[in-house]
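Good morning, and thank you for coming. Please look at the structure on the screen while I go through some of its contacts.

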Amino acid sequence: GAASWTATEYGLHRFLMHELRGRGLASVEHLKHHADVTYFSPASKKLASAAATTAVAYPATAAVAGRRWATAFTAGLLSMYFGYEVAHRRTHTHPPRNRYGRWARRHHLHHHFGAPMRNFGVTSPLWDKVFGTYDDPGVVTVPRRMAPVWLLDETGAVKEEFTHDYLAKGTLHAAADQAEQDRNAAFANVAPALDP
């Protein structure tokens, strides 16, 4: 179950969350996060997602390999799911502490702000490379109004330690109609507008 996580993550993120463009709870919740990167689905919805995953994974695995293997597989899959949830949130809320953290943030923030239909693997680029959806972000341009809290200094400039990876554009505070524009862009699977 744990070994299958990266493929599951890729498939869910690409097909269930993006390709459905707001049809279904998982897609709506995920695209709300794209429109407002400080929004994370509440724990109750995460638990419902884990229950739905269990309702599919356990019986399918039990039919093929028996209950003992199904229990182990489902436990491994769910463990990785919860680890993914922590890693994903930290990508948005905490600065990188090592090479992997630096890669994960650049890769994922490019997905948010540059190419929403690319880089679906949050924890690994493997399946993006296999299916041709990998995009090396280079320097990631971030709308200042959507920048993670760890990225900008008190003046709104990219902190010195992140200038090799990020460029911030636009104003710190969104215009009155910007939230609606960001929501429309997210549900259309396009990058948010970069105001001058």
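**A glycine in a loop, and other contacts**

Leaving out residues up to four places away in sequence, Gly121 touches Glu9, Tyr10, His107 and Asp128, where contact means heavy atoms within 4.5 Å. This is a predicted model, in which local features need pLDDT of at least 70 and side-chain atom pairs count only at pLDDT 80 or more, while totals for chains, interfaces and linings use all residues. Residues are numbered from 1 along each chain as its sequence is written, and side-chain values use heavy atoms, with hydrogens and water left out.

Gly121 is found in the loop between H5 and helix H6 (126–131); helices (H or I, at least four residues) and strands (E, at least two) are DSSP runs, numbered from the N terminus. Gly121 is buried, with a relative accessible area of 3%. Here buried means under 20% relative accessible area, exposed over 50%, and partly exposed in between, with a 1.4 Å probe and protein chains only. The C-alpha atoms of Gly121 and Tyr134 are separated by 8.7 Å, and the two residues are 13 apart along the chain.

A salt bridge is a side-chain nitrogen of Lys or Arg within 4 Å of a carboxyl oxygen of Asp or Glu. The side chain of Arg105 does reach the backbone oxygen of Arg90, at 3.2 Å. Beyond four places in sequence, the contacts of Arg105 include His94, Trp150 and Tyr166.

Tyr166 brings us to the nonpolar cores. A nonpolar core is a set of buried Ala, Val, Leu, Ile, Met, Phe, Trp, Tyr and Cys residues joined through side-chain atoms within 4.5 Å. The largest has 14 residues, of which Val142, Leu151, Val158 and Tyr166 touch the most other members. H5, strand S1 (140–143) and strand S2 (166–169) each supply at least two residues of this core. Apart from it lies another core of eight residues, among them Leu78, Tyr81, Tyr84 and Val122.

Now the salt bridges, of which the structure holds eight. In one of them, Glu85 and Lys46 have their closest N and O atoms 2.9 Å apart. This pair links distant parts of the chain, with Glu85 in helix H4 (residues 67–93) and Lys46 in helix H3 (residues 43–65), 39 residues apart. Glu85 counts as buried at 16% relative accessibility, and Lys46 is partly exposed at 21%. Another salt bridge joins Glu29 and Lys32, with the closest N and O atoms 3.4 Å apart. Both of these residues lie in helix H2, three residues apart, about one turn of the helix. An α-helix has 3.6 residues a turn, so residues three or four places apart point the same way. Glu29 is buried, with a relative accessible area of 6%, whereas Lys32 is partly exposed at 27%. Arg102, Arg106, Asp136 and Asp165 are linked in a network of salt bridges.

Definitions and conventions:
A polar contact is a pair of N or O atoms within 3.5 Å; within protein, one must be able to donate a hydrogen and the other to accept it, and residues adjacent in sequence count only if both atoms are side-chain atoms.
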